[in-house]
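Hi everyone, thanks for making time. Let me put the structure up, and then I'll walk you through it.

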Amino acid sequence: MHEFVQNIFTFLADLGYIGIALALMIEVIPSEIVLAYAGYLVSRGEISFVGAVIAGTIGGTIAQLFLYWMGYYGGRPFLDKYGKYLLIKKKHLDLSEQWFEKYGSGVIFTARFIPVVRHAISIPAGIAKMSWKKFTLYTTCAIIPWSIFFIFLGERLGNHWQEIDEIARPYLRPVIIVAIVVTVIYIALQVYRRKRT
């Protein structure tokens with residue numbers, strides 16, 4: 001598996017910005033690792049930091065739009081049947097669907113920072129026929145800081161970029177906590193508005 005990943009990264013390095021975007025679009029490798037590798041390329045002077053963030057944002061957003069359209073046109077039956085081929089676990093889809101139904105479209109932003117939910121939250125948004133413009137806006141706004149964070153760490157780690165999971169973990173905890181707190185506040189506001197109408 002390690003050799004397979006290394007071969008992909010070698011291929012991506014030759015493609016530069018397009019390679020970063022493609023890697024995030026196909027989601028064979030977790031986005032954190034792809035973005036950290038992009039940071040490593042920045043540290044080597046092969047690409048620019050701003051260019052890497054733009055490529056990461058475009059690739060990450062397109063990947064989520066792909067899942068959104070799958071939910072929009074295919075619905076739950078399609079995903080139950082073919083989701084496993086796209087590495088979408090049923091339990092993740094169930095949880096994401098519950099979140100979206102319970103908390104509404106606002107969680108599209110905050111859920112991007114919460115493990116498990118963030119990988120599949122785009123699908124129930126598509127199933128619910130959420131406006132694709134609003135979906136794209138929320139998704140892009142969440143992916144930009146995510147890309148900046150991991151590219152920055154990858155750049156700082158340099159040749160040790162593969163240690164990204166261990167290095168990023170202490171920083172991600174407060175991000176996850178903040179995302180959960182923001183989600184709770186959003187839910188409270190939604191409940192308050194419903195009671196007033």
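Let's start on the outside, with a nonpolar patch on the surface. Keep in mind that this is a predicted model. The patch is formed by Phe 11, Leu 15, Ile 18, Leu 22, Met 25, Ile 26, Val 50, Ile 54, Ile 58 and Ile 62, and together they have about 900 Å² of accessible area. Which helices supply these residues? Helix H1, running 2–15, gives at least two, and so do H2 and H4.

Let me pick one member, Met 25, which sits in helix H2. Is Met 25 buried or partly exposed? Met 25 counts as partly exposed because its relative accessible area is 31%, and the range for that label lies between 20% and 50%.

Now let's go inside. In soluble globular proteins, nonpolar side chains tend to be buried together. Here, the largest nonpolar core has 21 residues. Those with the most contacts inside this core are Ile 20, Val 34, Leu 35, Ile 47, Ala 52 and Ile 151. Two or more residues each come from helix H2 (17–26), helix H3 (31–43), helix H4 (49–82) and helix H9 (132–157). The largest share, 7 residues, comes from H3.

Setting aside neighbours within four places in sequence, what does Ile 47 contact? The list is Gly 16, Tyr 17, Ile 20, Ala 38, Leu 41, Val 42 and Ala 52. Apart from this core lies another one, of 9 residues, including Leu 65, Ala 111, Val 117 and Met 130.

Next, a look at helix H7, residues 117–120, where you'll find His 119. His 119 counts as partly exposed, with 42% relative accessibility. The C-alpha atoms of His 119 and Gln 64 are 8.6 Å apart, while along the chain these two are separated by 55 residues.

Last stop: charges. How many salt bridges are there? The count comes to 2. In one of them, the side chains of Arg 44 and Glu 46 meet, at 2.5 Å from N to O. Glu 46 is partly exposed, at 41% relative accessible area. Arg 156 forms a salt bridge with Glu 155, and there the closest N and O atoms are 3.8 Å apart. Arg 156 is exposed, at 56%, whereas Glu 155 is partly exposed, at 22%.

Notes. Residues are numbered from 1 along each chain as its sequence is written. This is a predicted model: local features need pLDDT of at least 70, side-chain atom pairs count only at pLDDT 80 or more; totals for chains, interfaces and linings use all residues. Side-chain values use heavy atoms; hydrogens and water are left out. A nonpolar core is a set of buried Ala, Val, Leu, Ile, Met, Phe, Trp, Tyr and Cys residues joined through side-chain atoms within 4.5 Å. Buried means under 20% relative accessible area, exposed over 50%, partly exposed in between (1.4 Å probe, protein chains only). Helices (H or I, at least four residues) and strands (E, at least two) are DSSP runs, numbered from the N terminus. Contact means heavy atoms within 4.5 Å. Patches are made of residues with over 30% relative accessible area and no salt bridge: like charges are joined within 9 Å, nonpolar side chains (Val, Leu, Ile, Met, Phe, Trp, Tyr) within 5 Å. Accessible areas come from the Shrake-Rupley method with a 1.4 Å probe; for residues, only the protein chains shown count as cover. A salt bridge is a side-chain nitrogen of Lys or Arg within 4 Å of a carboxyl oxygen of Asp or Glu.
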